Amino acid sequence: MTTPVYQWQPTTLEIAARAGIDPADVVRFDHNTSPATVDWAGDAAAKVASGLNEYPGADYRPLRDAIAAYTDTDPDQVVPGAGADELILLTAGAFLPTGGTAVSAPPTYTLYAVATGQRDATLVEVPRRPFDFGFNVEALKEASRTANLIWLCVPNNPTGHRDPDDEIRAIIESTSAIVVLDGAYAEFTGDRWSAWLDEYPNLVVLGTMSKAFALAGARVGYSLSSPTLAAELHRRRPPGSISTLSAALAERALAEPHWAAANVEGIAAQRDSLAGRLSEFGFEMSTTVTNFVLARVGPGARDLAETLMWEDGIVVRSFPQAHTLTFYLRFTVRSPSENDRLIATLSRRLP
Ligand SMILES: Cc1ncc(COP(=O)(O)O)c(C=O)c1O
């Protein structure tokens, strides 16, 4: 079996060098990050600077307390990690036995396949319906019955839509396997998945500081689950994968969640405007509730993405040949001026 590997995008420095532009002029429409930045990061970092000769407290108690307060859970339900990505790998390590079976609903976040492959496990992929990308619920329930771990991404990346509660519940209730519900974009729908934990002891919810909280560079994510499942994850967690600086930034951000809420509101307004302007190029836009939009561009999608990246320094997410979304491009919602630049560049590049 070949283990799938994560496909890294070219870096901003590489793109700038090839496009012959300043790295500051490269705009990443491919990472689903926040265009707004917090303005207190330097102060928060300065406060912990004098303690950087020491390791962070291995139990990350202040960070877990802050996450617990934000998610309305107890600290013993919280496992912090270096991004939700680390928790994806950790949950596979803890709950997917070598040679076991996991289930996913592609197109979805690619790291699930990588994490499954690293366990030498089989990934049963139950494709989403064409066009509206909804779950194939009956097939997912059937596949989940005998699996060890189910990957669900709600709202889903890269489609940007949110599957309905009754379908998610039906899948969770069809199995005694661990269900990982990746809520990286939960702030964009106001979902509070922690409220489901009492009902479903097999549920592990993932969250991140990378999207609504605008701290992707800090690399902080977390899982929420029963204390029993959390203890399993803690046993496998590296003792210090979150730096003292990152923990301080996350704690500070979690102390003022209204900033993230306002950020989400601003992005949503820009999203609807961006989707409308992209549709004027004849792109078919999917309905999205997140900080990115998915456009069916047609057979020229991949070539267009290459041109935008290497000649204009505008990086959008394209999909491999033979992928369900090979004719699609995904665009992160950026600032108004960056979105304007995208539209102006597309106007130049498209007939
Ligand atoms: C669905 C999903 N899960 C997890 C992540 C990674 O989150 P983090 O930056 O916390 O590792 C992403 C990032 O794009 C994502 O889209």
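## Helix 6 and helix 7

A crossing of two helices is called right-handed if the near helix is turned clockwise from the far one by less than a right angle, and left-handed if the turn is anticlockwise. In this predicted model, helix 6 passes helix 7 in a crossing of the right-handed kind. The residues that make this contact are V137, L140, K141 and S144 on the side of helix 6, together with E167, A170 and I171 on the side of helix 7. Sorted by class, the contact of helix 6 with helix 7 has four nonpolar residues, one polar residue and two charged residues.

Helix 6 covers residues 137–145 and helix 7 covers residues 165–173, and their axes come within 8 Å of each other while crossing at roughly 20°. Because angles under 35 degrees count as roughly parallel, helix 6 and helix 7 are described as roughly parallel to each other.

## The shell around the ligand

The ligand is surrounded by 13 residues, and the closest of them are G83, A84, D85, T208 and S210. Divided by class, this shell holds five nonpolar, six polar and two charged residues. Which helix gives the most to the shell around the ligand? That is helix 4, which runs over residues 83–95 and gives three residues to the shell.

## E86 in helix 4

Helix 4 also contains E86. Is E86 buried or exposed? There are 21 C-beta neighbours inside 10 Å of E86, and therefore E86 counts as buried, since the cut-off for a buried residue is 20 or more.

When residues up to four places away in sequence are left out, E86 touches G81, G221 and S241. A further pair to look for in the structure is E86 and R219, which are 133 residues apart along the chain, and whose C-alpha atoms are separated by 9.2 Å.

## Helix 4 and helix 8

Helix 4 packs with helix 8 at an angle of about 105°, and the axes of the two helices are 9 Å apart. Angles of 65 to 115 degrees count as roughly perpendicular, so helix 4 and helix 8 are described as roughly perpendicular to each other. In this contact, L90, T91, G93 and A94 of helix 4 meet E232, L233 and R236 of helix 8. The residues of the contact of helix 4 with helix 8 divide into three that are nonpolar, two that are polar and two that are charged.

Helix 8, which covers residues 227–236, also holds H234. Because H234 has 19 C-beta neighbours inside 10 Å, H234 counts as partly exposed. Between H234 and A45 there are 189 residues of separation in sequence, and the distance in space is 26 Å, taken from C-alpha to C-alpha.

## Helix 1 and helix 11

Helix 1 (residues 12–19) and helix 11 (residues 301–312) pack together with their axes 7 Å apart and at an angle of about 75°, and helix 1 and helix 11 are therefore roughly perpendicular to each other. On one side of this contact are I15, R18 and A19 in helix 1, and these meet M309, W310, E311 and D312 in helix 11. By class, the residues of the contact of helix 1 with helix 11 comprise four nonpolar and three charged residues, with no polar residue.

## Backbone details in the loops

Most peptide bonds are trans, and most residues other than glycine have a negative phi. Against this background, the following places can be examined one by one. The peptide bond from P106 to P107 is cis, with omega near 0°, and P107 lies in the loop that runs between strand 3 (101–104) and helix 5 (111–118). The peptide bond from V154 to P155 is also cis, with omega near -10°, and P155 is found in the loop between strand 5 (149–153) and helix 7.

F133 is not a glycine, although its phi is positive, at about 60°. F133 is found in the loop between strand 4 (122–125) and helix 6, and F133 is buried because 23 other C-beta atoms lie within 10 Å. A214 is likewise not a glycine and has a positive phi, of about 65°. The loop that contains A214 lies between strand 7 (203–208) and strand 8 (221–224), and A214 counts as buried, with 21 C-beta neighbours inside 10 Å.

Methods: Residues numbered from 1 in each chain as written. Predicted model: local features only at pLDDT ≥ 70, side-chain atom pairs only at ≥ 80, totals over all residues. Near = placed C-beta within 6 Å. Helix = DSSP H or I, 4+ residues; strand = E, 2+ residues; numbered from the N terminus. Nonpolar A, V, L, I, M, F, W, Y, C, P; charged D, E, K, R; others polar. Axes fitted to C-alpha atoms, helices over the stretch in contact; angles between N-to-C directions. Parallel < 35°, antiparallel > 145°, perpendicular 65-115°, else oblique. Contact = placed C-beta atoms within 7 Å. Buried ≥ 20, exposed ≤ 12 C-beta atoms within 10 Å, placed from the backbone.
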